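Sequence and structure come first.

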Amino acid sequence: MAAEADGDQAPPEQPGSPDAPHPEDFVYSEDEFIPHGAGWRSEPDPPSYPLSRFDRALQEGWKHRMELGLFRYHLGELQTRVLPGPMQLVAQLNIQRGVEKRKSQVIHSIRQPFNPQEFNFTQIRPGEVLFRMCRSPAHPPAAGRPQLDYVLVVINVSPLELGHMLLLPEPTLRLPQVLTPELLRFGLDAVLLSAHPGFRVGFNSLGAFASVNHLHLHGFYLNWPLLVESAPAEPLSPAPGLFFLRGVPAPGFLFYSQGEGLDALARDVCRAADRLLDRGVAYNVLVTRGAPPQGPGPGGACPGLRVLLWARRAALGAEAQAAMAVALCELAGHLPLAAAPAFRGLTEAEALRAIRQHLLPEPQLEQLRGDLARLLAG
């Protein structure tokens, strides 16, 4: 099942909360960042971690919308199993999402223009907005950063997991699904504002199982660690700060920060992503707590941010029916599944075959490694 739930907003006839034309502002500063996140506990299911102010605002608002009936289904505790094998793949059974999720839009190009005739986020109901995420006026954008005053934090009504939400720039801007440094910076901020090691943010490009062509990020909690957060990576010379991650479900490019240089990090990731689009390559992005590129230190804590960028084959046209459509979660090793037999019987080898058929052949990936290293070194 694809990680993408873009545009799964509930139809107008469903019950909902009263209109809320002026969502509350969640105003934050970088002083609230938690640069050294907590490590995973020995028994992550169910974990009990302290909540930051951001976690409380997100989870309380999200659960309240669930009580109001704003979602397409009630999300209870999901059956979860870690597949035997070195990749530590986390499979979850979510039958209702497979049944209730809005059908994905047909994507013909990885640079497809925004189409107002298709479903888009200008059509969301006001009650689906949790809050506006705004930086404190006392901490204005750094010089050279294009201004984006706020993003909307909106429930995803066909949720993958607890707290599954979307980060949207102002929907009336009608931006296509091409990642921008401004939006990615808000995604980096969100992960640093959370005290939970399992809060992740991600992006699916067109051709990488984005189901709506309207700019957004995903955010959600997953109470299980993933191998991509701790596996060591090799530096890609001559680019400082660019690494390549092997020995994981889907090899990919790695960027790392201990909480510093976030504007530069967002720009570098988006420069690399734009270069992929120029080469006709689709991509997925994951922002998560993680170990330094050389691997975890003593205690297994997550001292910084890992940003994963996966280059992959573009999947264009109508979305094919498959037991597991491969988007950002699957590439990271989180496998949402809609059918009980697949959930019970899936093996690591079968999952890896499904994932890797969407990746680029090694010669093309090798060319991209050199291309991106030179781009970011310039």
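How many bridges join strand S2 to S3? There are 4, and the two strands run antiparallel. Strands (E, at least two residues) are DSSP runs, numbered from the N terminus. Two strands pair if DSSP finds at least two bridges between them.

This is a predicted model: local features need pLDDT of at least 70, side-chain atom pairs count only at pLDDT 80 or more, and totals for chains, interfaces and linings use all residues. Residues are numbered from 1 along each chain as its sequence is written, and side-chain values use heavy atoms, leaving out hydrogens and water.

S3 also pairs with S14, and the run there is parallel.

| Strand pair | Bridges | Direction |
|---|---|---|
| S2 (residues 79–82) and S3 | 4 bridges | antiparallel |
| S3 and S14 (residues 334–337) | 4 bridges | parallel |

Arg81 has Ala91 of S3 as its bridge partner. Val90 is bridged to His334 in S14.

Together the strands form an open sheet of 3, in the order S2-S3-S14, with mixed pairing. S2 and S14 are the edge strands, each pairing on one side only. From one strand to the next, the twist averages 20°.

In a regular strand, side chains alternate between the two faces of the sheet. In S3 (residues 90–93), both faces are covered. Val90 and Gln92 lie on one side, Ala91 and Leu93 on the other, and all are buried (under 20% relative accessible area, 1.4 Å probe, protein chains only).

Definitions and conventions
Buried < 20%, exposed > 50% of the residue type's maximum accessible area, 1.4 Å probe, protein only. Axes fitted to C-alpha atoms, helices over the stretch in contact; angles between N-to-C directions.
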